[in-house]
Amino acid sequence: MFVPMNHAHPVTAEPLTAVEIDGLLGELGYLETLPAVGHVEVAADGGLTVWLDPTAGEAPWLDAPRPERSPDVELHGQGAPCRALVDHPRAEHVEMFFDGLGDPMSAPRGWWHARVWLRAA
């Protein structure tokens, strides 16, 4: 007698989320060392496309006061900000700004800007 076996299908990984970054200043290896980053691609215009793993855990919120020095990394892009871009294990302080109105021509989905201060390695 043949008895069909029903196996639960393994859970497939969620697709990575692509985020466009118009500019990055500061520590060049910052994005590659973020826990949620799966892949970084440089566009022809100098911008970056970063694929983030939405299942990666979030870093704790930071309450430390802003350090008395320039930020180590600055990022900006169009659309809504993505917290995974600033959740770095070495982050000492993070400031993120969002302008939801943006500009009808150059940033119709708004724009965001982030400043990140890193602890010494």
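Two strands count as paired if DSSP finds at least two bridges between them. In this predicted model, β3 and strand β4 (residues 48–52) meet that condition, pairing in the antiparallel sense over five bridges. Within this pair, V40 stands opposite V50 in β4.

The two strands belong to an open sheet of three strands with the order β1-β4-β3 and antiparallel pairing. Its edge strands are β1 (17–21) and β3 (37–42), each of which pairs on one side only. From one strand to the next, the twist averages 20°.

**The nonpolar core**

The largest nonpolar core has 20 residues, and those that touch the most other members are I21, Y30, L31, L52, L75 and L85. Two or more residues come from each of β1, β4, β5 (73–78) and β7 (111–118). β7 gives the most to this core, with four residues. Y30 touches V73, L75, L85, V86, H88, V116 and L118, not counting residues up to four places away in sequence.

**Around H113**

H113 lies in strand β7. Is H113 buried or exposed? Buried means under 20% relative accessible area, and H113 counts as buried because its relative accessibility is 17%. H113 and H76 are 37 residues apart in sequence, while their C-alpha atoms are 4.2 Å apart in space. Leaving aside neighbours within four places in sequence, H113 is in contact with E74, L75, H76, E95, M96 and F97. With one of these, E74, the side chain of H113 makes a polar contact, side chain to side chain, at 3.0 Å.

**Salt bridges**

Side chains of opposite charge can pair when their charged atoms come close. The count of salt bridges here comes to six.

| Residues | N to O distance |
|---|---|
| E95 and R66 | 3.3 Å |
| E92 and R69 | 3.4 Å |
| R83 and D87 | 3.3 Å |

The salt bridge between E95 and R66 links distant parts of the chain: E95 is in strand β6 (residues 91–99), R66 is in the loop between β4 and β5, and the two are 29 residues apart. E95 counts as buried at 16% relative accessibility, whereas R66 is partly exposed, with a relative accessible area of 45%. R66 and E95 are also linked with R115 in a network of salt bridges.

E92 and R69 form a salt bridge that links distant parts of the chain, with E92 in strand β6 and R69 in the loop between β4 and β5, 23 residues apart. E92 is partly exposed at 26% relative accessible area, and R69 counts as partly exposed at 37% relative accessibility. In the salt bridge of R83 and D87, D87 counts as buried because its relative accessibility is 8%.

Methods:
Residues numbered from 1 in each chain as written. Predicted model: local features only at pLDDT ≥ 70, side-chain atom pairs only at ≥ 80, totals over all residues. Heavy atoms only, no water. Axes fitted to C-alpha atoms, helices over the stretch in contact; angles between N-to-C directions. Core = buried A, V, L, I, M, F, W, Y, C linked by side-chain atoms within 4.5 Å. Buried < 20%, exposed > 50% of the residue type's maximum accessible area, 1.4 Å probe, protein only. Contact = heavy atoms within 4.5 Å. Polar contact = N/O pair within 3.5 Å; in protein donor to acceptor, adjacent residues only side chain to side chain. Salt bridge = Lys/Arg side-chain N within 4 Å of Asp/Glu carboxyl O.
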